[in-house]
Amino acid sequence: MAETDNLVEMRGIVKRFPGVLANDQVDFELRRGEIHALLGENGAGKSTLMSVLAGLYKPEAGTIVVRGEPVSFNSPRDAIALGLGMIHQHFTLIDSHTVTENILLGLDDPRFLMRLSRYDKRMAEMGERFGLQITPQAKIWQLSVGEQQRVEILKMLYRGVQVLIMDEPTSVLAPQEIEELFKTLRSMVDQGKSIVFISHKLHEAMSIADRISVLRHGKVTAAGIKPEATSKAELANLMVGRKVLFEVEKKPRQPGDVVLELHGVSADNDKGRPALLNIELELRSGEILGLAGVAGNGQTELGEVITGLRRCTSGKILVNGKDVANRSARIPIEYGVAHIPEDRTHVGTAPNLSITDNVIMKGYRDPPLARGISLDRNAAREKAERLKDEYTILAPSVETPVRLLSGGNLQRVILARELSGKPTLLIAMQPTRGLDVGAIEGVQRLLLEQREAGAAILLVSEELEEIFMLSDRIAVIYEGEIVGDGVEPNAERVGLLMTGGERSRKSERAAR
Amino acid sequence: MSSESAKSGSPGRLNLPFELQVEPRLNIPAWLGPLVSVVAIVLALLLGAFVLALVGGDPIRAYAHIAGAAFGSLGVFSDTLVKATPLILTGLACSVAFRMKLWNIGAEGQFFMGALGASIVVLAGIVPENAPRVATITAMLVAGVIFGAAWGFVPGWLKARLRVNEIITTLMLNYIAIALVNYFIFGVWSEGGFQMTRTFQKAAWLPRLSDLAEQFPILRGLTTHFGLVFAAIAAVIVWYILYRSLWGYEIRLIGDNARAAEYAGINITRNTVLVMMFSGALAGLGGMSEIAGVVHRLQGSISPGYGFTGIIIAWLAKLNPLVVVPVSVLFGGLILAGREIQPAGVPRLIQGIILFMLIASEVSLRYRLRFVRRR
């Protein structure tokens, strides 16, 4: 193809952050009317590169050429003026405002009198044109995450954006919603828009992109290759820099005794609304129960109820036959329940404390760490040193505050703490979310090791592939109810249950 | 904004060949903290000198005078230590609470309550007037600690059980404590209509350095009292608790991330009450030490705001109990010098500038400035 087909050209982009070279002489080209996937691990520099293109960051070096003319941006406004808009992972919507109000926010028109109804109509028309179903009068808080994403897209389209940059758009969506998003993206491309699709998920890039570029450690390892001309294994290799096995080895294992029983457990969420309804669940030693579900359907609350962090309104939770419901969080810890929390920074770790202080969080009450009323600093340090080696936590020393660690290393700190206590029951909430391909493999291997050692594991994940690969049994949660238990590992079937498609057939215990 | 201005760079900015970049520091070396503090103090003194010169004063003479008035001789240094004693204890009280992110603004009230508790022991005849000194002092100490702790318990319990904001309750309880003390000195124990109680019997006085003047003449007239020893021991105990004990680990964990502490099975409700009581007890000890060591009676003006200065001291010491001691001595000196040259208000000014500089210097600890050549 001719050079003039490039709508955007980035040449030799260098962007430095303290201690990291986020983009090192990166070239990137975007053609008119294509979906260009930008692949890479977390921290590879994908978002940084695109933030430079969207006017959010100023590069230290390099040029950006749009439609053949060199440009320089001082703010995202400049970029939007040239038709480049970015949708970030975290939405920038105002909850209490309507869809239309959010789209109009920050624009010069309407100037004084709102006359929203006229704009409502315009929004609805625009939504229809691109296959983005919305209710313009709805308030943002009433919308699902998928719908909110549509509002973000419309916001950009309304501003006349020709190039839409989407940062990990599928990370918050259910399988069916992803399908719909892909359809929308296709229709937008048909209408002449160009799209940059940032992702670390290989299969998504393979299925949606016209061309794929790969970044690793801030450098381009592949530029504009066609999906048909490559393979998942090759892309993974380009992303990680080494061969990645897509199957972790799982030995057959007969489940042992029942470790966890939930009988008729109900609980409310933080807003006081029912989040769990009459949950019945059983989990045996040496068994991994994969709980699939779209985020926000009660998984978080389930994990918290079992680990004593949330009160249940009714029901019984038995760990090895002993009731732990509505007792302090300390009781499950004493019974050998380990918990890999969903929120690593706000729940799982204390950011300003050292690695040492973080790895002793669960065991500091017992010898050798505790000596009378004192904490044995040497014993704590030794333990931290040992775990740092064993779990390959990369940090200057065990005294480093954990806020300075990368996501993967932070997760390793949590895993080291939780798994070193030889748990009888492990509640693993989204243990691989946001991690690199390489790190994911490591976490999955550790989970299987625990299964080998006889732990009962409740695995909550939004990645169906992961659930299918690791689980001995699969259950699905939807709106606080277990809508399937012992479901066969079939993406379509599980996806349907996850979106409430088959609520009536509540349990498939018989199928087990 | 048009595409024109987007291409030509920002029009409003100066186009210097260099750009100043602010970057967060990834590693803070151990020597940087003290160095930054010292530089901040030096800068503050220079700034203060500039202001003094501006109003026609002689900065060098003023500084020499302040230094002389606070640290110039054994006598004045001893007085400085007297001033530092209550500051150490209130500073420790605040450090403990702030470590857990409990904003105890009530050290002042707890200080008054400690003084009241110690006075009750003496004036209500709980220990007989002819009781030995050790027994009297011990009883006063226990009473002061208990009263201070009780004054910390109230907001702690309200916070833990009913989620009442402790900033409001501790602040309000200050006024109640002062009013309560006033009730006793105006009414119950008023000495001949004056707003103060009778002077305590000698057995209720903390020993002073000057008590040893017969053996060591050099100690003659030195007012430093045994409260300083209490304060120093308290500093070591608080340090040990915070950095070496299981309880201190829990306090630090809750302070850094309460949700993580909950997840680790730590009882936050109980710790909230306990830490507020501990904080109140330290401030109460301060009140006891002040009336037993300095005033020797209960009266209205026992504190020129020690409880509030304790907040500042705790922050300047970065909540480190051992650093609280030298910071308190510095502040004690400034308070004393303030008395010396009161009308000028210079020590106040300098105190303010030092405080401002130290707090501002925090930024340079967390961030570093870099000059970058423009492309």
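Which residue stands opposite Val163(A) in S8(A)? That residue is Ser194(A). This is a predicted model, where local features need pLDDT of at least 70 and side-chain atom pairs count only at pLDDT 80 or more, while totals for chains, interfaces and linings use all residues. Residues are numbered from 1 along each chain as its sequence is written, and chains are lettered from A and ligands numbered from 1 in the order in which they are written.

**The sheet in chain A**

- Chain A has an open sheet of 6 strands, ordered S6-S7-S8-S3-S9-S10, and the pairing is mixed. Strands here are DSSP runs of E with at least two residues, helices are runs of H or I with at least four, and both are numbered from the N terminus.
- At the edges sit strand S6 (84-87) and strand S10 (219-225) of chain A, each pairing on one side only. Two strands pair if DSSP finds at least two bridges between them.
- From one strand to the next, the twist averages 15 degrees.
- Helix H6 (residues 175-190) of chain A packs on this sheet and touches strand S3 (35-39), S7 and S8 of chain A. The direction of H6 makes about 150 degrees with that of S8(A). Angles run from 0 to 180 degrees between N-to-C directions, and axes are lines fitted to C-alpha atoms, for helices over the stretch in contact.
- Strand S7 (residues 163-167) and strand S8 (residues 194-199) of chain A run parallel, joined by 5 bridges.

**Domains of chain A**

- Chain A splits into domain 1 (3-240), domain 2 (253-336 + 423-512) and domain 3 (347-421). The bounds come from an automatic or database domain assignment.
- Between domain 1 and domain 2 of chain A, the C-alpha centres lie 34 Å apart.
- Domain 1 of chain A puts 9 residues into the contact and domain 2 of chain A puts in 12 residues. Two residues are in contact if their C-beta atoms, placed from the backbone, lie within 7 Å.
- On the domain 1 side of that contact, H6 and helix H8 (232-240) of chain A each supply at least two residues. H8(A) has the largest share, with 3 residues.
- By class, the domain 1 side has 6 nonpolar, 2 polar and 1 charged residues. Ala, Val, Leu, Ile, Met, Phe, Trp, Tyr, Cys and Pro count as nonpolar, Asp, Glu, Lys and Arg as charged, and the others, Gly among them, as polar.

**Helix pairs**

- In chain A, the axes of helix H14 (residues 407-420) and helix H15 (residues 437-452) come within 11 Å and cross at roughly 10 degrees. That makes H14(A) roughly parallel to H15(A); angles under 35 degrees count as roughly parallel, over 145 as roughly antiparallel, 65 to 115 as roughly perpendicular and the rest as oblique.
- Gly408(A), Gln411(A), Leu415(A) and Leu419(A) of H14(A) make the contact with Ala439(A), Val443(A), Leu446(A) and Gln450(A) of H15(A). The tally is 5 nonpolar, 3 polar and no charged.
- Over in chain B, the axes of helix H5 (residues 107-123) and helix H11 (residues 268-295) come within 6 Å and cross at roughly 55 degrees. H5(B) and H11(B) are therefore oblique to each other.

**Where the chains meet**

- Chain A brings 35 residues to the contact and chain B brings 26 residues.
- Helix H2 (76-81), helix H10 (330-334), helix H11 (344-348) and strand S18 (374-375) of chain A are the elements giving two or more residues to the chain A side.
- That side of chain A divides into 20 nonpolar, 9 polar and 6 charged residues.
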